[in-house]
Amino acid sequence: MAEGLRLENLAITLDGQTMMALDARVAPGEVLTVMGPSGSGKSTLLAAITGALDPAFRLSGRVLLDGEDVTHLPTERRRIGILFQDELLFPHLSVGGNLAFGLPPSMRGRAARRARIDAALTEIGLEGFANRDPATLSGGQKARVALMRSLLAEPRALLLDEPFSRLDAARRGQIRELVFARAKAQRLPVLLVTHDREDASAAGGGVIELGA
Amino acid sequence: MSLLRRAPALTLLVMLGPVFAGLAGTLLPAFGILPALGRVEPGLMPFSELAAWPGLPRAVALSLGTGLGATLLALALTVLICAGWQGTRSFRWLERALSPLLSVPHAAAAFGLAFLIAPSGWIARALAPLLGWERPPDLLILQDPWGLSLTAGLVVKEMPFLLLMTLAALPALRPGQSLATARSLGYGRSAGWLKTVFPRLYPQIRLPVYAVLAFSMSVVDVAMILGPNTPPTLAVQVLRWMNDPDLALRLRGAAGALLQLALTLAALGIWRLGEIAVARMGRAWIETGARGSHDAPVRALAIGAGALSALAILLGLVALGVWSVAAFWGFPAMLPDAFTAKSWMKQGPQLLAPAGDTALIALIATGVALALVLACLEAEHRFGLRPSARALWLLYLPLIVPQIAFLPGLQILALVSGIDGTLAAVIAAHVIFVLPYVFLSLADPYRGWDRRNALVGHALGASAARVFWRLRLPMLLRPVLTAAAVGCAVSVGQFLPTLLLGGGRVQTLTTEAVALASGGARRVIGVTALAQTAAAFLPFALALLVPALVWRNRKGLRHG
């Protein structure tokens with residue numbers, strides 16, 4: 001059984017020109033860091049893995065999750081979570097509403113869902129924040145909510161698109177640790193895209209450099 | 001899914017189908033074919049009858065003159081205001097006044113202006129003590145034979161529209177940078193703006209300008225209120241023929257409608273030639289390197305004219321308001337002897353039914369248009385469709401083809417198929433004109449939405465439909481409601497589609513108001529025109545209020 005995230009001979013081309021090529025495996029609970037300057041195709045890679053690649057690009061190779069080929073599944077059926085440097089909390093929903101958006105509908109009952117959300121908030125040190133407006137949170141608090149929203153959706157892998165680069169130095173290490181610890185605890189394969197060496201070494205896994 | 005993919009095609013059909021059907025319906029009778037009257041032999045008789053009408057040369061000249069004049073003035077004012085004042089405090093004040101000015105229906109604005117400039121209007125009353133007038137001066141200001149008051153009415157109403165379209169196009173051109181560069185080279189503000197920003201701006205506002213030109217040449221309601229009577233503009237005369245109890249006159253009317261179309265095309269051609277000439281002169285002017293550093297008089301003129309034009313509409317509304325509550329009001333007095341609610345008590349109940357129909361038509365037409373526009377934009381998003389420049393032309397087509405050219409044909413088709421005089425026919429006709437405005441209003445905010453929100457939603461397991469209903473629509477509540485308000489205001493202001501497709505049996509506040517044009521019942525006009533304005537204004541107020549209430553606890557959406 002091939003567990004984890006497998007990127008099998010992935011290559012992305014635009015008008016016949018290869019934008020990037022990659023062959024890699026990320027085991028559950030491990031972090032693979034992809035580094036490279038802007039324009040090296042990092043965000044294109046993430047788009048390909050999530051299934052949001054612009055139709056102008058051509059993708060060859062396969063994306064496998066725990067052995068299942070998800071290359072042609074729509075984003076919503078892949079169960080791959082993604083965190084950006086902007087937390088992208090939905091501004092019209094409360095903090096609790098954001099988490100509820102991530103919580104699968106298979107968890108039934110108003111009270112049960114509510115209880116799960118309250119517990120999730122407690123886990124990230126934001127007890128009682130359910131009714132807050134996300135715009136009133138600090139950067140670190142937003143990052144934690146975004147992480148928890150992704151985790152509640154029960155993903156099979158987690159992609160990180162420079163998620164720490166907006167945070168100040170003090171928060172940064174804290175949030176980074178939290179993300180990696182949670183991913184490890186849930187045995188999620190993690191793909192981290194960054195241009196920060198410190199992120200890479202904190203991740204502790206393999207590092208792949210993309211050329212410009 | 002497949003239904004959504006067909007949304008753009010369906011939208012075009014709903015919007016342009018009636019335009020072409022209507023043109024065909026005008027074409028046949030213009031060449032003598034009207035089976036309902038037993039005319040089946042094609043011929044040029046309608047055209048020779050039209051040519052024999054003694055008022056024709058004057059009516060044609062009026063249409064061309066007022067249309068070209070009003071467009072030129074409105075555009076020149078818009079451009080000079082932007083050139084001289086963009087980025088200043090006065091400019092922001094004007095920007096804020098824009099939306100209320102735009103929402104005032106044409107007919108109400110025209111009545112308001114009439115109440116100001118008539119021989120017994122507020123301006124004459126203000127001058128009376130100075131000039132020793134005891135009675136209203138014997139001047140033919142309103143409905144003057146030259147169409148000057150008509151032109152003025154068109155300018156004050158079309159300038160805000162052009163200004164709005166300009167403001168929408170400007171940010172992408174980064175005018176601040178260009179202007180700063182030009183000024184650092186020693187150019188005056190206006191000259192620098194005209195030389196560096198305007199040449200890039202004009203292609204962006206060309207279609208709105210064409211729409212203003214076509215509209216100004218063929219407008220009916222404003223021309224009935226402010227335009228001359230003997231002869232009137234061609235469009236008004238065509239309407240008279242079309243509404244004549246003598247059905248045979250419809251053939252002549254159809255020929256006139258076709259002539260109106262040809263005139264519009266000719267005017268657009270003239271305008272295009274003018275564009276080329278101005279571009280050539282402009283290039284030469286830019287190459288002279290003239291700095292134009294003393295532009296204070298031009299700037300003063302521009303802001304003065306702009307403020308005057310805004311004031312004309314606002315004071316006009318005040319005049320309507322005062323007349324609607326006036327008891328006896330003798331000539332030189334600035335205010336009535338006393339105020340009374342009598343006119344409202346008397347007219348109010350009679351306006352309830354038209355107000356209800358106005359609201360019903362506006363809501364359904366806007367609802368249909370909004371659904372189609374949202375489906376188009378969502379299809380664009382989901383299927384990665386790229387809108388072409390041609391698509392924009394198609395969108396403007398119903399605004400450029402004169403209403404009077406195709407609505408009579410549509411009326412004849414409705415008559416033949418037996419749906420004339422129904423609310424459904426009127427609503428369908430309103431959708432033709434509501435759709436482009438709703439689309440223009442919503443497209444930019446819709447396309448500007450951060451697509452990563454959709455990606456995050458999908459990554460959390462949400463389907464495309466769930467992302468649309470739960471994320472995109474709520475986050476875009478404000479622009480969606482604004483687009484709906486624009487749609488409602490457009491529908492409320494429609495005169496010709498209501499009159500022709502309604503066959504006189506569907507009455508709205510606008511048809512009621514315009515019907516008063518020939519009489520002198522000022523108090524009734526005041527009440528009706530104000531009710532019409534309120535009907536157009538209310539949706540805008542709601543579009544501001546509802547998001548502010550719904551999102552009162554959501555800081556992230558307060559300025560979205």
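1. Helix packing in chain B. Helix α2 (residues 7–30) of chain B packs against helix α14 (residues 249–288) of chain B at an angle of about 120°, with axes 7 Å apart. Helices are DSSP runs of H or I of at least four residues, and strands are runs of E of at least two, numbered from the N terminus. Axes are lines fitted to C-alpha atoms, for helices over the stretch in contact, and angles run from 0 to 180 degrees between N-to-C directions.

2. Basis. This is a predicted model: local features need pLDDT of at least 70, side-chain atom pairs count only at pLDDT 80 or more, and totals for chains, interfaces and linings use all residues. Residues are numbered from 1 along each chain as its sequence is written, with chains lettered from A and ligands numbered from 1 in the order written.

3. Residues at the crossing. From α2(B), B:Thr26, B:Leu27, B:Pro29 and B:Ala30 meet residues of α14(B), including B:Arg250 and B:Leu251. Contact means C-beta atoms, placed from the backbone, within 7 Å.

4. Sheet in chain A. An open sheet of 5 strands runs β6-β7-β8-β3-β9 (chain A), with parallel pairing. Strands pair if DSSP finds at least two bridges between them. β6 (80–84) and β9 (207–209) of chain A stand at the edges, each with a single partner strand, so one side of each lacks a neighbour in the sheet. Twist averages 15° from one strand to the next.

5. Chain contact. Chain B supplies 20 residues and chain A 23 residues. On the side of chain B that touches chain A, α20(B) gives the most, with 6 residues.

Notes. Two residues are in contact if their C-beta atoms, placed from the backbone, lie within 7 Å.
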